[in-house]
Amino acid sequence: MKKVLILLFFSVFLFSGCLMKVLDLSVPEGIYVGYDGNNWLQTDDKTLIENSKFTYDENLKLYKATIDASNIIFNEIDNNGNKFNIGYYKVYYVKSDGNIVSDSIPILKSAVTQNQITVYLDLDKLEAGKAVGVGDDTNLNMNWYAAGTFNNWTPKQMNNMGDYFEITINSSYNKGDNIEYKIPVSTTWMPWQMIYNGEVYSDSSQNQKYTFKNNVTGFKIKFYSLISYVEIEEIKVGDSQ
């Protein structure tokens with residue numbers, strides 16, 4: 001019996017080791033930001049790893065971490081002759097029962113105004129392979145636009161409400177009707193790599209869909225760019241705007 005238990009423990013140990021090796025992570029449990037400056041957590045520098053760890057902000061009810069902007073590699077990308085410089089980061093949630101890694105989150109170099117970039121995380125919204133729940137303060141330095149089936153895919157600028165962006169669409173829909181949408185950072189949709197579809201930033205992702213729960217006279221699209229989260233607020237018949 002003792003032999004069986006020892007073998008079982010050894011097997012579990014090997015499996016855990018393989019899991020961490022597959023993900024190329026060898027860091028303690030916690031939530032981290034990975035980027036060029038910390039070699040995407042592929043480092044033996046314990047101080048660097050510890051400095052990449054998220055801490056909880058009780059006032060914001062969000063986790064946050066800082067990135068040294070000078071340690072981000074901004075690669076030049078070309079959108080039909082228009083040049084943009086974009087860098088990336090990811091969030092790694094390292095835990096004993098399986099790790100969660102977000103999608104790559106783009107940073108537009110022209111939106112970087114300080115040496116330090118603050119990355120935010122809503123852990124309740126974090127999903128593997130998606131950008132939802134993750135964002136940073138450079139997103140507040142840009143304009144954001146809403147486009148979809150409700151405006152013939154013509155991007156309309158959203159209003160900056162301080163820590164999120166909002167637009168009101170005055171169109172009637174019935175319960176069960178659908179709309180599709182995306183959120184770019186310009187009327188030209190460029191840079192394509194920063195088009196947000198409610199789940200990921202990509203130039204090739206599918207449109208996001210929303211189904212109305214009520215008969216409405218309009219709706220509000222709210223984009224919380226600090227955590228890459230979209231909320232649709234329905235304006236029901238009889239509601240005051």
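Which residue in E13 does Asn-160 stand opposite? Asn-160 stands opposite Phe-165 in E13. The model is predicted: local features need pLDDT of at least 70, side-chain atom pairs count only at pLDDT 80 or more, and totals for chains, interfaces and linings use all residues. Residues are numbered from 1 along each chain as its sequence is written, and side-chain values use heavy atoms, with hydrogens and water left out.

**Overall make-up**

The protein chain has 2 helices and 17 strands; these are DSSP runs numbered from the N terminus, helices being H or I of at least four residues and strands E of at least two. Of its 241 residues, 45% count as buried, where buried means under 20% relative accessible area, exposed over 50% and partly exposed in between, with a 1.4 Å probe and protein chains only. Among contacts (heavy atoms within 4.5 Å) in the protein chain with a separation of 6 or more, 61% are between residues 24 or more positions apart.

Strand E12 (residues 159-160) pairs with E13 in the antiparallel sense over 2 bridges; two strands pair if DSSP finds at least two bridges between them. E12 and E13 form a hairpin with 4 residues between them, and Gly-162 in the turn has a positive phi of about 105°. Strand E13 (residues 165-169) has 4 of its 5 residues buried. E13 also runs antiparallel to strand E16 (residues 216-224), joined by 5 bridges. Phe-165 stands opposite Phe-223 in E16.

**The four-stranded sheet**

An open sheet is formed by 4 strands in the order E11-E10-E14-E15, with antiparallel pairing. Strand E11 (156-157) and E15 stand at the edges, each with a single partner strand, so one side of each has no neighbour in the sheet. Strand E10 (residues 145-148) is joined to strand E14 (residues 178-182) by 2 bridges, and E14 is joined to strand E15 (residues 208-211) by 4 bridges. Some opposite residues are listed below.

| Residue | Opposite residue | Strand of opposite residue |
|---|---|---|
| Ala-147 | Lys-182 | E14 |

**Two loop residues**

Thr-138 lies in the loop between strand E9 (134-136) and E10. Thr-138 is buried, with a relative accessible area of 3%. Its side chain makes a polar contact of 2.3 Å with the side chain of Asp-136; a polar contact is a pair of N or O atoms within 3.5 Å, and within protein one must be able to donate a hydrogen and the other to accept it, while residues adjacent in sequence count only if both atoms are side-chain atoms. Leaving aside neighbours within four places in sequence, Thr-138 is in contact with Ile-107, Ala-111, Val-112 and Ile-117.

Gly-198 is in the loop between E14 and E15 and counts as buried at 14% relative accessibility. Gly-198 and Lys-182 are 16 residues apart in sequence and 7.2 Å apart in space, C-alpha to C-alpha. Beyond neighbours within four places in sequence, Gly-198 is in contact with Val-132, Gln-208 and Val-230.

**The largest pocket**

Gly-198, Val-132, Gln-208 and Val-230 are also among the residues that line the largest pocket, which include Lys-125, Glu-127 and Tyr-181. On a 1 Å grid over the protein atoms alone, a pocket is an open set of points where a 1.4 Å probe fits, with protein on both sides within 12 Å along at least five of seven lines, and lining residues have an atom within 4 Å of a point. E15 and strand E17 (229-236) each supply at least two residues of the lining.
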